[in-house]
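Colleague: I would be grateful for a close look at the aromatic rings of this protein. Please describe how they pair and where the partners lie.

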Amino acid sequence: MSMTLLEMTSARRGPLRRVSGPPAPRRPRRERGGEQTRHVPTLARELVELLDPRPGQCAVDCTFGDGGHARLVAERLGPSGTLVAIDRDPLAEEGFARFQREARCAVRFIRAGYAEALELLAQEGLRADIAYFDLGMSWMQVDTRERGFSYSYDAPLDMRMDPGQPLSAREVIAEWDERRLARTLRDLGEERRAAAIARAIVRRRARAPIATTLELVEAINSAIPAPARFGGGHPAKRSFQALRIAVNDELGQLDRALPRAWELLRAGGALAAISFHSLEDRRVKRFIAAGVRGCICPPELPACACGREPRARSLSRRAIVPSAEEVARNPRSSSARLRGARKLEDSGAQDS
């Protein structure tokens, strides 16, 4: 799975590394006027301005997706720069083949969860100047119906970002007990009616297996009073979010990946993350705040006794949000939040 750093940096457009596994799902087409259109990434201009990529630098795109952010970063890195792309979805690997032909810098793809891929890069001794995350689902996953990510159409109940992993939403709905389902919906979806929905799912599956997204939506709707189904978005939105996060261990991946990405950075390097719900954003915010914070001694002490020094400088006073124009163009971006931090000089850092 690994490639030496020499191999990565010496070949500007080396061969795409193939990974064994199931075939990629059929790639969705987004058409207008008979031509396929390219997805516009969320907060793209803001991300590039925040990270400020420079020629010759090394960047790690931890969530490649359709490569929208990667294309903009690669343009700034130039022929002497390097971009490492990470994604566990075979559709992303398929898209990387096209990106690779166009990229203006040396590129490499790792098909894996970003926590595992960042660990691999650390073992190889990679030092990066930039690392960034575009969290949550990509448009490819939402718009590929057979993946079962959306409550908006009937499809097999799946929700796996990596189609080769054993756990899918269908197994979760079929096998997890009522208490575990309720806890998942409450903790990962912030669903106020989690207990009632879990109870309705268990009752429904006792009659017949819940195998499709529409069947799951019907079970969820049966647990929500009719007046509450209108307003505040689709009644299944939070439950689908919770199941997707659970199936793909998204929060566990993020908790492991943030410190690993930070460790890869050279002194002066920048880390950024775009999140789409509060569970992700709180983790990113806490991680940055912990790095920015210096002394943790009680305020009543006359002098610092802990010796703790800040490890980071925040790149914005508060989260950066999409403009009104971007939200009008892409309503899915409305909940996006961008945060970033720069790694301060550290006398103990062993940069290469």
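Modeller: The model is a predicted one, and eight aromatic pairs are counted in it. One of the pairs joins F96 and F109, whose ring centres are 5.2 Å apart; their planes meet at 40°, so the pair is classed as tilted, because stacked requires under 30 degrees and edge-to-face over 60. F96 belongs to helix 4 (residues 90–102), while F109 belongs to strand 5 (residues 106–111), so this pair ties together parts that are 13 residues apart in sequence. F96 and F109 are both buried. These two residues also belong to an aromatic cluster, which is formed by F64, F96, F99 and F109.

Another aromatic pair is that of W262 and F287, with 6.1 Å from centre to centre and 80° between the planes, an edge-to-face arrangement. Here W262 is part of helix 12 (residues 250–264) and F287 is part of helix 13 (residues 278–292), so the pair ties together parts that are 25 residues apart in sequence. W262 has a relative accessibility of 8% and therefore counts as buried, the limit being under 20%.

A ring may also face a charge. In the case of W176, the charged end of R180 sits over the ring, 3.6 Å from the ring centre.

How values were computed. Residues numbered from 1 in each chain as written. Predicted model: local features only at pLDDT ≥ 70, side-chain atom pairs only at ≥ 80, totals over all residues. Heavy atoms only, no water. Phe/Tyr/Trp six-rings, centres within 6.5 Å; stacked < 30°, edge-to-face > 60°. Helix = DSSP H or I, 4+ residues; strand = E, 2+ residues; numbered from the N terminus. Buried < 20%, exposed > 50% of the residue type's maximum accessible area, 1.4 Å probe, protein only. Lys NZ or Arg CZ within 6 Å of the ring centre and 35° of its normal.
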